[in-house]
Amino acid sequence: MSEKKPRIRVRGLTKIFGDEQHAALPLLQAGKNRDEVQKATGAVIGLQDVSFDVAEGEILVVMGLSGSGKSTCLRCINRLIEPTAGSVHIDDTDVTALGERDLMELRRTRFGMVFQQFALFPHRTILRNVEYGLEVQGVPQAARRDKAMAAIETVGLKGWDQHFPSQLSGGMQQRAGLARALALDPDVLLMDEAFSALDPLIRRDMQQELVALQKRLKKTIVFVSHDLDEAIALGGRIVLMKDGRVVQQGTAADFLANPADEYVRRFVEHIDVLGVVTAGDAMRPPMAVRPWQSSAAEALEILTQSGEPVMTVVCELGRFQGTVDADTLRRAGATELRLLLSDRDASVPRGATLNEAVARLASGRGEIAVTGPDGALLGVIANADLIAALARRRVETAH
Amino acid sequence: MEFEIPRIPLAEWCDIALDWATEHFSGVTRAMSAVIGTAIETTTDFLVGLPPWLVILACGLLVWRLTTWRIALGTVLGFAFLWNLELWRATLQSLVLVLVSTAFALAIGIPIGIAAALSRRFWRIVGPGLDMMQTMPSFVYLIPAIPFFGLGAVSACFATIVFAMPPTIRLTALGILQTPPELVEAADAFGSSRWQKLFKIQLPLAIPTIMAGVNQTIMLALSMVVIAAMIGAGGLGGEVWRAIQRLEAGQGFQAGIAIVVLAVILDRITQHIAHHMRRDRQQG
């Protein structure tokens, strides 16, 4: 396994608000809980021993309800909020150890940030907003203009560069906010509830566009959100926080399958199962599968015994080729299966969500194949299996 | 039983402090006074020397460029009225004094306001000072002004600067401190230095508020210029002062109304500029 070195490493991050933070830290480290420390010293615990990694090119969603510390956590990464204890590394740089000047330099070159309320500068045009980071770096005007225009085009705001933020809709303003962060070509994007202030439809578009953009630009993104559906739409790993601590990290499907505690279980209760559970999770071994040189008569016998709706056919290498139904087999006699194939595309990759599986099932003949990366047959999902999978989740979450 | 509680010799202390300051600094301040006084007089004489209709038209054009034709028309009519009342010379004297004092008040007040916004400690020192400058009866400033600057326009200018500066300081500081925190945070997140933050974000956003301070400073300067007539500043205030001494009510009101006209003109112009800047920011 080639484990990539994480781009961002957060270790033991702790933030205590208030003048009493140095009195409070030892108490916290001695194992007192949040309420006890607050009672004893008056200090408020914002973050407690938060650790996680963000791999290069990953979208990590830091999720939690308001007051969970997720925004504080994000701001500790570029030290807009000064952590009380713990460390943040970006590649080999210890962000927490930097002096003021180096920190400024790091913010200028490595981080782009996008804010919930956009935080565009109202007295500057969109172009001058997007240029801002480059201007602060001291990039000459012509060069920064080109880069800014390119970023504006990337986010689909071409032609709006001379407008002021107040002349744009919320969605467009946030595109400008994203362009401002992208213009610097930073390695890391920090996004604080970036789409929460937008209308639901626009939010969904922006999520999809961000995922597409991410595939192209390969940025490392830390995305703070309170919305589980958003976390799922962005498709990455999730760090779930509560009361300043990490409750669980993993994919949404992990949360669903193995919730760390009651809180996580309740958090994922209303999750859209079809969007989270993958075909690989729901598949089962096929009961009727034959290589394509077998004869129809032989296949018919197996199919009848198996109770499967169709015969699944593979090649010599075990790759899925298509299906043949019972009527065709009956009429074909001794013909080879390879001549009878239909539904050659009745398959989904293992990582596809059940949403995609449902769409395939609806247009097929009651069963689809699940394949690996090279097209190898891994399992099948029939209509009944899908219903069973859904029912199982319901039973689990309803408990 | 009676206790003799000795009076605190506050007045004597103030005198001692002033005498000491006069002894040590009056040489410098008198020299400054000579230069500034000459500048004020030359400017006034130059303007008075020009044909009034030319000055009025020039002012009208300038105001038209800066604001709207309505305000420009008002300015021209107002000045023509003052000319008609044969108060033209006095008007120009007052106007020059107001503009010079305001220029000094802004040149000193805006940097102090910025410093006060950036440093909490500095604000703690400046704040009470401003309260005192504003609550002290304005006449009091006239007395020490004389030993430092002598009778006349420069003393008036000094007293006016002290009296008119506080709103500029206050509103500059307020405007900067009122920058929305999310914008300051965004500026920080992109690695702005303190000065970049100030000049690229905070000051531009504070300009409408600062302009409100400038407007107040001009109004206060005008009111002080009138009072300063008591130490020989002349101008429209001088007309009022003479009317008081001779008990000529009509003359007094005439000069008073002239001051009101001048005040309205100056107020409309600065208000319009301030308002326009605020709208600019919202609409582009």
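In this predicted model, the meeting of the two chains involves 18 residues of chain B, which are in contact with 21 residues of chain A. On the side of chain B that touches chain A, at least two residues each come from α9 (181-189), α10 (194-227) and α12 (249-283) of chain B.

**The side of chain B that touches chain A**
- The helix that gives the most to this side is α9(B), with six residues.
- Sorted by class, this side of chain B has seven nonpolar, seven polar and four charged residues.

**The crossing of α4(B) and α10(B)**
- Within chain B, the axes of α4 (residues 88-118) and α10(B) come within 9 Å and cross at roughly 135 degrees, and the two helices are therefore oblique to each other.
- The crossing in which α4(B) passes α10(B) is right-handed.
- From α4(B), the residues making the contact include L97(B), V98(B), A105(B) and L106(B), while among those from α10(B) are I210(B), V214(B), A221(B) and V225(B).
- This contact of α4(B) with α10(B) has 11 nonpolar and four polar residues, and no charged residues.

**The nonpolar cores**
- The largest nonpolar core has 184 residues, and those touching the most other members are V62(A), A179(A), F223(A), L97(B), A159(B), V225(B) and A228(B).
- It is α10(B) that gives the most to this core, with 15 residues.
- If neighbours within four places in sequence are left aside, A179(A) is in contact with V130(A), A151(A), I152(A), T154(A), V155(A) and L157(A).
- There is also a second, separate core of six residues, including I16(A), L28(A), V37(A) and I45(A).

Terms used: Residues numbered from 1 in each chain as written. Chains lettered and ligands numbered in written order. Predicted model: local features only at pLDDT ≥ 70, side-chain atom pairs only at ≥ 80, totals over all residues. Contact = placed C-beta atoms within 7 Å. Helix = DSSP H or I, 4+ residues; strand = E, 2+ residues; numbered from the N terminus. Nonpolar A, V, L, I, M, F, W, Y, C, P; charged D, E, K, R; others polar. Axes fitted to C-alpha atoms, helices over the stretch in contact; angles between N-to-C directions. Parallel < 35°, antiparallel > 145°, perpendicular 65-115°, else oblique. Left-handed = near helix turned anticlockwise from the far one by under 90°. Core = buried A, V, L, I, M, F, W, Y, C linked by C-beta atoms within 7 Å. Buried ≥ 20, exposed ≤ 12 C-beta atoms within 10 Å, placed from the backbone.
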